[in-house]
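Here is a friendly walk through one model, written for someone who likes cut-offs stated plainly. Have the sequence and the coordinates open as you read.

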Amino acid sequence: MAEQNENQTTPGAEEAGQRGERLPDPVFSLEKVYIKDASYEAPGAPRAFLQSETPQIEVQLRVEHAVLDSVQGVYEAVLTITVTAAREGKTVFLAEIHQGGLFRIQGVSGEILNKTLEITCPHMLLPFAREAVSDFIGKGGFPPLLLQPVNFEALYEQKLVAQQAPAQPAQA
């Protein structure tokens, strides 16, 4: 194992090696998990409890992140999950959770840092957000909702494609 680690290089490692410098080992740790914001409303209650038709459920995800301390490598990542249940065009309930986390990320930069913030961090926050969403909906009188696993890597790739699409000139 040690031999494999010695042979792996990170961006700038060759230059640092030529200068006789040793790059610090990458650091990744989850420092704190918290709910940054939460909202629940059930405009369809109590009549919604009298209807037997299952509402249509829509789930939306959003990932945001920001650097809090670049010297210490402290970043905030926030996974926002919005669940809307509607029946016959009317909202039965709406739950939104902004699940935050403080992460210490050092020794990586560029695309690796961006992938860590867009894929790994929200992946770690998802179980906490899933529990909060289920609790809110259950305490609202509705059956708890189990959110399915999310492929954050696929979402990241879609985001990159969407960002590059407007930059490409239209072809005649």
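Which residues does Gln99 touch, not counting residues up to four places away in sequence?

## Ground rules

This is a predicted model, in which local features need pLDDT of at least 70 and side-chain atom pairs count only at pLDDT 80 or more, while totals for chains, interfaces and linings use all residues. Residues are numbered from 1 along each chain as its sequence is written, and side-chain values use heavy atoms, with hydrogens and water left out.

## Gln99 and its surroundings

Back to the opening question: Gln99 touches Val33, Tyr34, Ile35, Ala77, Val78, Leu79, Leu125, Phe128, Ala129 and Ala132, once residues up to four places away in sequence are set aside. Contact here means heavy atoms within 4.5 Å. Gln99 itself sits in strand 4, which covers residues 90-106. Helices (H or I, at least four residues) and strands (E, at least two) are DSSP runs, numbered from the N terminus.

Is Gln99 buried or exposed? Gln99 is buried, because its relative accessible area is 3%. The scale is simple: buried is under 20% relative accessible area, exposed is over 50%, and partly exposed is in between (1.4 Å probe, protein chains only). A polar atom of the Gln99 side chain lies 2.9 Å from the backbone oxygen of Tyr34. For reference, a polar contact is a pair of N or O atoms within 3.5 Å; within protein, one must be able to donate a hydrogen and the other to accept it, and residues adjacent in sequence count only if both atoms are side-chain atoms.

## The nonpolar core

The largest nonpolar core has 29 residues, and those with the most contacts inside it are Leu79, Ile81, Val83, Phe93, Ile105, Val133 and Ile137. Such a core is a set of buried Ala, Val, Leu, Ile, Met, Phe, Trp, Tyr and Cys residues joined through side-chain atoms within 4.5 Å. At least two residues of this core come from each of strand 3, strand 4, helix 3 (110-139) and helix 4 (152-164). Helix 3 gives the most, with 10 residues.

Leaving aside neighbours within four places in sequence, Val83 is in contact with Ile57, Glu58, Val59, Phe93, Leu94, Ala95, Val133, Ile137, Leu145 and Leu147.

## A nonpolar patch on the surface

Two of those contacts of Val83, Ile57 and Val59, also belong to a nonpolar surface patch with Leu61 and Leu155, and the four together have about 290 Å² of accessible area. Accessible areas come from the Shrake-Rupley method with a 1.4 Å probe, and for residues only the protein chains shown count as cover. Patches are made of residues with over 30% relative accessible area and no salt bridge; like charges are joined within 9 Å, and nonpolar side chains (Val, Leu, Ile, Met, Phe, Trp, Tyr) within 5 Å.

Strand 2 (residues 56-69) gives the most to the patch, with 3 residues. Val59 is found in strand 2 and counts as partly exposed because its relative accessibility is 41%.

## Salt bridges

How many salt bridges does the structure hold? There are 5, each being a side-chain nitrogen of Lys or Arg within 4 Å of a carboxyl oxygen of Asp or Glu. One of them joins Glu31 and Arg104, with the closest N and O atoms 3.6 Å apart. Glu31 lies in strand 1 and Arg104 in strand 4, so this pair ties together parts that are 73 residues apart in sequence. Glu31 is partly exposed at 41%, and Arg104 is partly exposed at 23%.

Another pairs Glu111 with Lys115, at 3.7 Å between the closest N and O atoms. Both residues lie in helix 3, 4 residues apart, about one turn of the helix. Glu111 is exposed at 51%, whereas Lys115 is partly exposed at 30%.

## Backbone details in the loops

Most residues other than glycine have a negative phi, and most peptide bonds are trans. With that in mind, look at the peptide bond from Ala45 to Pro46, which is cis, with omega near 5 degrees. Pro46 lies in the loop between strand 1 (27-41) and strand 2.

Glu88 has a positive phi, near 55 degrees. This residue lies in the loop between strand 3 (74-87) and strand 4, and Glu88 is exposed, with a relative accessible area of 65%.
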